[in-house]
Structures are given as C-alpha cells and as structure tokens.
Amino acid sequence: MTPGLFLSFEGIDGSGKSTQARRLAGHLLDRGREVVLTREPGGSPGAEEIRRLVLEGDPDRWSAETELLLFTAARRDHVERVIRPALERGAVVVSDRFADSTRVYQGITRGDLGGLVDRLHDAVIGIEPDRTFLIDMPPERGLDRALAREGAETRFENFGLDMARRMRTGFLDLARRLPGRIAVIDGDRSEDAVAAAVLKALP
C-alpha cells in the first residue's frame, strides 16, 4: 500500500492558502493519488458545527482559552473521523489549516497560551503534518483580500491589521523553529508562481 501523506497549508487570512490547497489537491488527483481535501476548523460534521461558533459573531465572543478548547475539540473530531482513516488507507490529506494556526492564533496573538496549546495537542491530537506550506503575505494585502470576501466568517479579520501583523510574525517564527517541516512560500506573486513553489517543496 502507498503510504499516506499529510500536508497542511497555513498563513494569515487572505494569503491565498485555500486556493493553493485546492490546486495541490487537483494536481495530486491528476497523478492518480487518492486525495482528501479538508479544512480547519471543520472537516467533519461535528467540527463544522464548532467552526460556526468560532468564526462568526463578535470578535470578543470568546476568550482565547475558550477558543483553544473549542478548536482542540474540533481538531480531535477531524483527526478521528477524517484524517487518520485517510492516512491509514494510503490517501494524501491536504488540510487548509491545522494545529499551527492554533499555536499562532491562540498560543501567541490572543494570549500567552503556547504551553497549554502544546500540552493539549500532545494529549488529544498527537499528529503533525509531513509538510506544512506557509503561504506568506504582507498583512496589509492579506487583510484587504480577506475583508473583500463575501460571507459571515469574518470574526478574526475584524481584529484588524495589528492582529494580522502579529499573526504573520508568529507564523514566520514558527517556521524558523521547524524548518524541516514548514516550507515558507512567497504568496505575494501570481497564483501560478506560488503553485509552482508549492510543488517544488513537496516531500
């Protein structure tokens, strides 16, 4: 059996990571792999219900600690029901966000919760991607693109430019600490150029 492969995309809102996740999934499908394209928060029925709780409404709706517990619950369900079964049957899982988002959003930018994030992850998640593509984008451009989208899921965008800057710094710091897993991709160029760089960084 072909071994499973777990790939994730990270970046600030508006970075283009969702587009690149879809493109990579299509590329791998064209080459005959079974691909599970998924997202976080969400990816399973229970996790999608939690997604609505955390991505909609007033920015101050939840504390950082409550967000962390909600995201961890959603991720546990996602891993149990979607990610692990797919990997066990040899599929490629392409996830639009995973635990690195929680490390940055709740662990760094929404409170000094990094230790708690790691303890919860080790206790109830226990899996990391084989490769993470960090689509890097200037916060000003990313936030403009994110706010231009239609829809109700704007709670994190509504925290503003300062939050976007802190998130970008957090992601880049994480990439410097984990260069073997996280590949930083310049997202401030054409979609095709970014997609080519993602393919070059495949494990």
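Are helices α4 and α7 parallel or oblique to each other? In this predicted model, α4 spans residues 99-109 and α7 spans residues 161-177, and the two pack with their axes 9 Å apart, at an angle of about 125°. Angles over 145 degrees would count as roughly antiparallel and those from 65 to 115 as roughly perpendicular; α4 and α7 are therefore oblique to each other. The crossing in which α4 passes α7 is right-handed.

On the α4 side, the contact is made by D100, S101, R103, V104, Y105, I108 and T109. Facing them from α7 are M163, R166, M167, G170, F171 and L174. Sorted by class, this contact of α4 with α7 comprises 7 nonpolar residues, along with 3 polar and 3 charged ones.

Aromatic rings also have a part here. Across the whole structure, a search finds 3 aromatic pairs. One of them joins Y105 and F171, both of which belong to the contact between α4 and α7. The ring centres of Y105 and F171 lie 6.4 Å apart and their planes meet at 70°, so the pair is edge-to-face. With Y105 in helix α4 and F171 in helix α7, the pair links parts of the chain that are distant, 66 residues apart.

As for confidence, the pLDDT of the protein chain averages 89, and 92% of the residues score at least 70. Residues 152-157 fall below 50 in pLDDT. Beyond near neighbours in sequence, this stretch has 28 contacts in the model.

Key
Residues are numbered from 1 along each chain as its sequence is written. This is a predicted model: local features need pLDDT of at least 70, side-chain atom pairs count only at pLDDT 80 or more; totals for chains, interfaces and linings use all residues. Side-chain values use heavy atoms; hydrogens and water are left out. Axes are lines fitted to C-alpha atoms, for helices over the stretch in contact, and angles run from 0 to 180 degrees between N-to-C directions. Helices (H or I, at least four residues) and strands (E, at least two) are DSSP runs, numbered from the N terminus. Angles under 35 degrees count as roughly parallel, over 145 as roughly antiparallel, 65 to 115 as roughly perpendicular and the rest as oblique. A crossing is left-handed if the near helix is turned anticlockwise from the far one by less than a right angle, and right-handed if clockwise. Contact means heavy atoms within 4.5 Å. Ala, Val, Leu, Ile, Met, Phe, Trp, Tyr, Cys and Pro count as nonpolar, Asp, Glu, Lys and Arg as charged, and the others, Gly among them, as polar. pLDDT is the predictor's confidence in each residue, from 0 to 100. Rings of Phe, Tyr and Trp (its six-membered ring) pair if their centres lie within 6.5 Å; planes under 30 degrees apart count as stacked, over 60 as edge-to-face and the rest as tilted.
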